[in-house]
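Could you walk me through the aromatic rings in this protein and what sits around them? I'm just starting out, so please spell out the terms as you go.

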Amino acid sequence: MIQEKVLYLRVSKINSIMIDFPFLYRATVFTYTIKPETENIQRIQHLFEDKGLLPSMFQENFNGIPTMRFEMIVPNGDWRIRFLEQRIDIVKSVDFKDVTKMVKEQSFCSLAMDCFQKIMTEFGYKASRLAFSGIYILKECDFQIVYNKLIHPCELFEKEKPKEWNFRNVFRFTKSINGKPNILNYCFDANIGMVESAFPTLFKSERIILSTDINTLQEETIDYKYTQEDISDFFKNISLWNEEVKESYCKYTGKGLHLPFNTLYFYQDQKG
């Protein structure tokens, strides 16, 4: 435990050199569909009555068919639980008024673990897959250096500044979940997006947006094999595994970059 804590602090320090602020966290369990029925909504409200969750309906486009779903949102909109087709998402996004208030992955995963435990116990469900994803806004840097390291363009383009680019890799690692070996997909994505800042002066600048997604392997047939103990162990460890992904990227691409330490307050995706 002490060794893992030291490793977490080490990689967090490396990541903080390049990452300006987290934009979004999402924790997911793939399980049976909880439909937007009055009884189900009331059961969820009762489970989290101390948090005062408010129900909201929305449409999910599942297999091309618009379907009504529901989500439970805390009164200040800080985070929400989304009940989708065969999955439950817990989502937290940055507070645009103050990006410094975004919690660390460890705190978010503890919240998600507690929520999943209550819901899965209430409905008597197990999960078929588990996942965590994060989106991070990097500090201003030389896109050309990062682009050349990741993309390795041909001679014609290696000295030209890229207007648009997208880098994505998926690897598989074996990790222990509750003492059992599991194959995990490590998905890594980097692209350019527009960032709007209100501090210290109002301006817009392009930033590299880093996305990570770590999830258990999808089997050919659905097997609800993950117990509450498995889910808890996954989310206890996922923050460290996610930090390792970010460390590898930041350590590799950060060499030779001059990074200013200003803080930006607004992120805006041009693609909507």
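Let's start with Tyr249: its relative accessibility is 4%, so Tyr249 counts as buried. Buried here means under 20% relative accessible area, while over 50% is exposed and anything in between is partly exposed, using a 1.4 Å probe and protein chains only. Tyr249 has a partner ring, Phe188, and the two form a tilted aromatic pair, 4.9 Å centre to centre with 45 degrees between the planes. Phe188 counts as buried too, at 10% relative accessibility.

A quick word on where these numbers come from. The model is predicted, so local features need pLDDT of at least 70 and side-chain atom pairs count only at pLDDT 80 or more, while totals for chains, interfaces and linings use all residues. Residues are numbered from 1 along each chain as its sequence is written, and side-chain values use heavy atoms, leaving out hydrogens and water.

So what makes a pair? In general, you describe two aromatic rings by the distance of the centres and the angle of the planes. Rings of Phe, Tyr and Trp (its six-membered ring) pair if their centres lie within 6.5 Å; planes under 30 degrees apart are stacked, over 60 edge-to-face, and the rest tilted. That rule gives 14 aromatic pairs. Take Tyr25 and Phe132: their centres are 6.2 Å apart and their planes sit at 35 degrees, so this pair is tilted. Tyr25 is in strand β1 (residues 19-30) and Phe132 in strand β6 (residues 129-138), so the pair ties together parts 107 residues apart in sequence. Strands (E, at least two residues) and helices (H or I, at least four) are DSSP runs, numbered from the N terminus. Tyr25 is buried at 0% relative accessibility, and Phe132 is buried with a relative accessible area of 0%. Both belong to one aromatic cluster, made up of Tyr25, Phe108, Phe132 and Tyr136.

Leaving aside neighbours within four places in sequence, Lys92 is in contact (heavy atoms within 4.5 Å) with residues including Tyr25, Asp78 and Phe108.
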